Amino acid sequence: MKSSLISLTVGSAITLIAGAVSAGTLDTVKSKGFLQCGSNTSLAGFGQPDPQGNWKGLDVDFCRAVASAIFNDPTKVKFTPLAAKDRFTALQSGEIDALVRNTTWTLSRDTTLGAFFGAVNYYDGQGFLVRKSMNIKSALELNGATVCVQQGTTTELNLTDYFRANKITYKPVVFAGSDETLKAYDSGRCDAYTTDASGLYAERLKLTKPEDNAVLPEIISKEPLGPAVRQGDDQWANIIRWTHYAMVTAEEQGVTTANVDEMLKSTNPDIKRLLGTEGKFGEGLGLKNDWAYQIIKNVGNYGESFERNVGAGSQLKIARGQNGLWSKGGLQYAPPIR
Amino acid sequence: MAIAELEEKPRISPFYDPKIRAFVYQAAMIFLVGYGLYAAYTNAVTGLSKQGVVTSLGFWDSVAGFPISFRLIDFTELSSYGTAFWVGLINTVVVSVIGIFLATILGFIVGIARLSSNWLISKIAYWYVQIIRNIPLLIQLILIADLMHHLPGATEIKQNTSGIYLTNQGLFTPRPVFEAGSGLIFYAFLGGLVAFIGYYNWAKNRQIATGKQSPTGLVFLGLIVIFPIAVFFISGMPISLAYPVKTRFSFQGDATLQIEFVAALLGLVIYTAAFIAEVVRAGIMSVSKGQTEAASALGLTAGQNLRLVVVPQAFRVILPPLTNQYLNLTKNSSLASVIAFPELVQVFAGTVLNQTNQAIPVMGITMLVYLTISLITSFLMNAFNQRMALRER
Ligand SMILES: N[C@@H](CCC(=O)N[C@@H](CS)C(=O)NCC(=O)O)C(=O)O
């Protein structure tokens with residue numbers, strides 16, 4: 001009888017793993033009382049616990065914004081640190097409610113992985129890190145080089161494409177974890193380390209001698225990073241993407257954590273719709289009308305979150321560049337709230 | 001009449017018939033297990049398809065698009081996912097087979113050393129077993145790989161005349177280049193081998209028949225070593241050595257021994273040998289002391305005693321648990337994926353899975369492969385065990 005018990009347990013385990021999550025995610029999240037967010041294991045600027053154990057980062061802020069929109073409380077979120085190769089399984093199985101972990105939006109992830117991407121909270125591209133002592137000025141000089149790369153990423157795929165397209169070769173050393181990958185590069189096993197440019201800035205800080213390493217000028221891919229949810233739950237997908245757009249709209253309109261209470265009195269119709277003093281836009285999402293007010297009050301607008309986590313106010317000091325507002329030459333553009 | 005009556009079986013109701021009962025139980029069991037698996041599979045597939053994920057093996061022949069740095073068959077970026085599977089599988093088998101071979105040798109040495117009357121040797125063997133057996137293999141692998149990563153980089157090494165370079169990419173050595181006519185040397189070697197086997201059998205039969213011993217060592221050297229070397233020189237030295245040529249980042253071509261392979265192999269061998277040593281020690285201790293005493297009374301040396309009396313008897317005790325260790329080593333080889341050795345789990349259940357997103361077929365196939373390898377190993381070891389078993393007459 002023992003083995004039939006085992007088979008039943010295995011059966012129900014797999015059922016659990018792959019069982020479709022039938023109730024709407026919003027209802028599930030509300031009844032749980034918190035949002036379960038798939039995050040980085042540790043990536044400065046995007047998702048990383050600080051020495052006190054508080055999660056910090058652009059992606060972490062995003063999860064806190066969603067929690068604020070639902071619960072009026074940015075702390076009602078739990079983080080599940082995920083290695084790159086495990087993240088979509090965690091999403092498919094319902095272990096997490098949203099995957100917010102510098103994840104690139106690609107067609108096949110939308111189709112074959114059952115993921116749904118709706119917004120881009122960081123426009124990125126892939127770059128290379130090399131030791132200055134090697135005297136390499138361009139990625140095209142990497143012919144024959146050994147490259148350390150993390151498994152289960154678009155990084156792994158772009159790398160191949162780039163070398164193939166340029167008719168040069170490389171020797172891959174592929175790790176599942178980001179720390180192992182970086183350590184292998186740091187110890188000299190690899191001549192180059194490659195990942196999203198934002199990741200390069202963050203990971204470089206972990207090297208024994210960050211200043212001995214340089215980022216090469218080539219950006220070899222498009223990496224639109226954004227939150228992903230499961231396919232088939234439109235309400236939840238809306239909440240996720242409009243959370244980002246609310247943050248961008250707030251920046252467009254100059255609404256910040258500091259002035260949001262004052263802005264409640266604004267007569268500007270765009271701001272009134274954003275903050276819920278006019279219309280019932282929050283209800284349409286299944287939230288309260290002050291959903292965006294809560295996001296801005298608790299987390300801030302997109303620009304504030306950017307500067308604090310990856311921009312001038314952080315160790316990474318990344319310029320706004322492509323992530324600036326569309327009106328300032330960047331790519332961040334929010335559809336109108338109306 | 002009376003006889004027929006005696007032969008008639010006592011009647012039992014089918015309900016209490018042990019045969020029928022056993023059959024019903026087993027049928028029910030098979031049904032339950034089968035149903036459990038079936039339900040799990042269909043549930044997983046429908047669950048996934050509700051999320052728009054279609055489960056299929058259609059990717060098998062598509063272009064994989066990634067290179068693999070350690071491969072024994074042809075594999076380029078243009079090869080298929082199916083070929084990537086074979087590269088991974090072959091790497092798993094190679095590291096396991098070589099690992100089993102070396103772990104057996106090391107395990108026997110350590111196991112015998114533990115029983116040595118030499119205090120120092122037996123203590124060293126004792127601590128080896130205690131330490132290695134009690135640290136998780138994963139940690140040992142990471143430690144070994146990390147130490148090896150700190151070998152000098154290929155770019156830091158100066159070209160030298162020996163042509164041998166130990167770098168953190170691996171060991172680069174001169175490689176033989178076979179020119180026309182080199183086949184002759186191979187045939188010479190083969191011929192020498194056949195001749196030696198013939199000679200050996202002749203010498204053995206002669207010893208059994210007449211008790212006269214003949215030299216084997218010298219003949220071995222002559223036929224298998226000196227003869228092919230002579231042919232090599234006579235045929236005008238058709239094998240030459242290609243020395244590694246430095247490139248900007250490394251040396252031309254692949255390393256003779258790649259660091260990830262060596263680290264994986266070392267980790268598996270050192271770890272498994274500690275367990276094999278215990279198995280060997282138990283086996284040897286199971287041979288009664290009287291056997292050893294009898295052997296020395298007959299004038300056998302300690303070495304002969306071990307080789308001819310103790311080990312053959314110990315083997316019967318050693319083999320079944322040894323099989324277990326072989327299976328463990330094979331399955332443990334999957335841990336080498338963590339140190340970037342491209343074996344089955346790393347290549348197929350790692351990169352291929354991530355590119356195709358076909359979790360169920362990929363993981364299913366991976367599990368089937370380990371099951372098959374394990375069953376084959378068990379089968380071979382059982383056959384060997386049967387041959388070694390005590391024949392009772
Ligand atoms: N954007 C890429 C790569 C994302 C990725 O996993 N990057 C690594 C290297 S920067 C990372 O975030 N590692 C940190 C971690 O695992 O927490 C993708 O979606 O595939």
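**Figure 1. B:Asn357 in the loop between helix 11 and helix 12 of chain B.** In this predicted model, B:Asn357 is placed in the loop that runs between helix 11 (344-356) and helix 12 (359-388) of chain B. Its phi is near 65°, a positive value in a residue other than glycine. Most residues other than glycine have a negative phi. With a relative accessibility of 9%, B:Asn357 counts as buried, because the cut-off for that class is under 20%.

Figure 2. A:Asn72 is not a glycine, and yet its phi is positive, at about 60°. The relative accessible area of A:Asn72 is 30%, so this residue is classed as partly exposed.

**Figure 3. The disulfide of A:Cys37 and A:Cys63.** Two disulfides are present over all chains of the structure, and the view shows the one formed by A:Cys37 and A:Cys63, whose sulfur atoms are 1.9 Å apart. The angle about the S-S bond is -80°, and the link of A:Cys37 and A:Cys63 is left-handed. Because A:Cys37 belongs to strand 1 (residues 35-39) of chain A and A:Cys63 to helix 3 (residues 58-71) of chain A, the pair ties together parts that are 26 residues apart in sequence. Both A:Cys37 and A:Cys63 are buried.

**Figure 4. The disulfide of A:Cys148 and A:Cys190.** Here a disulfide joins A:Cys148 to A:Cys190, with a distance from S to S of 2.0 Å. The torsion about the S-S bond of A:Cys148 and A:Cys190 is about 70°, so this disulfide is right-handed. Because A:Cys148 lies in strand 9 (residues 145-150) of chain A, while A:Cys190 lies in the loop between helix 7 (178-186) and strand 11 (192-196) of chain A, the link ties together parts that are 42 residues apart in sequence. A:Cys148 and A:Cys190 are both buried. When the bonded cysteines are counted along the chain, the disulfides of chain A follow the pattern 1-2, 3-4.

**Figure 5. A:Gln150 and its surroundings.** A:Gln150 is a residue of strand 9 of chain A, the strand that also holds A:Cys148. The relative accessibility of A:Gln150 is 15%, and A:Gln150 therefore counts as buried. The side chain of A:Gln150 reaches the backbone oxygen of A:Ala176 at a distance of 3.4 Å. When neighbours within four places in sequence are left aside, the residues in contact with A:Gln150 include A:Ala84, A:Arg101 and A:Glu156, as well as A:Phe175, A:Ala176 and A:Gly177.

**Figure 6. The buried residue A:Asp124 in strand 7 of chain A.** A:Asp124 lies in strand 7 (residues 122-124) of chain A. Although A:Asp124 is buried, it has no salt bridge, and the nearest side chain of opposite charge, that of A:Arg101, is 11 Å away. The side chain of A:Asp124 does reach the backbone nitrogen of A:Ala197 at 3.4 Å, and a polar contact of 2.4 Å joins it to the side chain of A:Ser198. Not counting residues up to four places away in sequence, A:Asp124 touches several others, among them A:Asp196, A:Ser221, A:Lys222, A:Glu223 and A:Gln322.

**Figure 7. Strand 8 of chain A and its two pairings.** Strand 8 (residues 126-131) of chain A is mostly covered, with six of its six residues buried. From this strand A:Gln126, A:Phe128 and A:Val130 point one way, while A:Gly127, A:Leu129 and A:Arg131 point the other way. Strand 8 of chain A pairs with strand 11 of chain A in the antiparallel sense over five bridges, and in strand 11 of chain A the bridge partner of A:Val130 is A:Ala192. Strand 8 of chain A also pairs with strand 12 (residues 213-215) of chain A, again in the antiparallel sense, over three bridges, and A:Leu129 stands opposite A:Val215 in strand 12 of chain A.

**Figure 8. A sheet of three strands in chain B.** The view shows an open sheet whose three strands have the order 1-2-5 (chain B), with antiparallel pairing. Its edge strands, each pairing on one side only, are strand 1 (165-167) and strand 5 (257-258) of chain B. Strand 1 of chain B pairs in the antiparallel sense with strand 2 (residues 170-172) of chain B over three bridges, and B:Leu166 stands opposite B:Leu171 in strand 2 of chain B.

Key:
Residues numbered from 1 in each chain as written. Chains lettered and ligands numbered in written order. Predicted model: local features only at pLDDT ≥ 70, side-chain atom pairs only at ≥ 80, totals over all residues. Heavy atoms only, no water. Disulfide = S-S within 2.5 Å. Helix = DSSP H or I, 4+ residues; strand = E, 2+ residues; numbered from the N terminus. Buried < 20%, exposed > 50% of the residue type's maximum accessible area, 1.4 Å probe, protein only. Lys, Arg positive; Asp, Glu negative; His and termini not counted. Salt bridge = Lys/Arg side-chain N within 4 Å of Asp/Glu carboxyl O. Polar contact = N/O pair within 3.5 Å; in protein donor to acceptor, adjacent residues only side chain to side chain. Contact = heavy atoms within 4.5 Å. Pairing = 2+ DSSP bridges.
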